[in-house]
Each structure stands twice: as structure tokens, then as C-alpha cells.
Amino acid sequence: MSLFGKPPWYAGGLAFACQQCGRCCAGPDEGYVWIAEDELARLAAFLGQNVEQVRKQYTRAVSGRRTIVEHPVTHDCIFLQPGAGAGCTGKGCSIYDVRPAQCRTWPFWKSNLASPDRWAQAGMRCPGINRGDRFELAEILLRRDAADA
């Protein structure tokens, strides 16, 4: 519910089915993939490295937080790799099983849920939006809020 008791525009649910195309992980614009300390530890274990190695090699500090580094030219997430996914770009997430909350909660971010137009704009980039299973309001809110944690 909103602050004034009016349900959000997506109260009836939204459809989404990841197409594993990698577009949400790709440039051309620079972005941030925030990673928390517990996520960094899971990533290190997944990669078979210690946390400090992973912190130095795969993340950088921005405004007191950590973000996964991007390819310097394409601005793709460093973990978006050819052959790792089955989607439309031929690329996929090489750390999919331990990806950060920001990635796991796409596309249910506050910015995309701000209005039907913003949802439609996100859908122009993401072929999984408005396809597949319908997510109920409670699940959308859980994902939306987890994205900000």
C-alpha cells in the first residue's frame, strides 16, 4: 500500500520471466552493481578465493560502498561472459548462483516500479518484462525492498 492507502499501480501483479539475455548486465552506460559484505563472502567462496582477493580484483569503492567492476570499454559487468547464458546476447552471468541482491531483484526496483511508463521503458531493454509468470504484489514488494537493502 502507499502512504495514503491507495494501492500501487502494480497491485494486480506483474509478469516477468528472465530470458537470460544479459541486457540488464550490459552497457553502454556506466552503472553500479552494489555488493554487500556477506555477498562478497559468498562470491569469494564460489570463486575459490579469499574475500580480500575478490574485493581487490572484482570490486571498487564508490561513496563508501562496493560495486562490481565493469569492463572498461563496454561497461558490461565483469561477470557477464560469453557462453555463460542461453539468452539473446550469447552472454550470461558467470556468478548467477551467487549474484548480488541488486541482480536477483531485477526488474522489481523502485525506479522501474515508479509508474507504468517507467515499467514500459525498462521493458524496452528487458525482453523478460511482461512475459512469463505473474508475480503477486507481496512478492514484488519483497523484491523491491530487498533491492534497497
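User: How are helices and strands defined here?
Analyst: Helices (H or I, at least four residues) and strands (E, at least two) are DSSP runs, numbered from the N terminus. The model is predicted: local features need pLDDT of at least 70, side-chain atom pairs count only at pLDDT 80 or more, and totals for chains, interfaces and linings use all residues. Residues are numbered from 1 along each chain as its sequence is written, and side-chain values use heavy atoms, with hydrogens and water left out.

User: What pattern does the chain follow along the sequence?
Analyst: The order is β-α-α-β-β-β-β-α-α-α-β-α, which comes to 6 helices and 6 strands. The chain is as compact as a globular protein of 149 residues, because its radius of gyration is 16 Å, close to the 15 Å from the globule rule. That radius is taken over C-alpha atoms, and the rule is 2.2 Å times the number of residues to the power 0.38.

User: What box do the C-alpha atoms fill?
Analyst: Along the principal axes, the box is roughly 50 × 35 × 25 Å.

User: Switching to D76, where does it lie?
Analyst: D76 sits in the loop between strand 3 (65–68) and strand 4 (80–82).

User: Is D76 buried or exposed?
Analyst: D76 counts as buried, at 9% relative accessibility. Buried means under 20% relative accessible area, exposed over 50%, and partly exposed in between (1.4 Å probe, protein chains only). Of the 149 residues in the chain, 34% are buried.

User: Which residues does D76 touch?
Analyst: Leaving aside residues up to four places away in sequence, D76 touches C25, A26, G27, E70, H71 and K91. Contact means heavy atoms within 4.5 Å.
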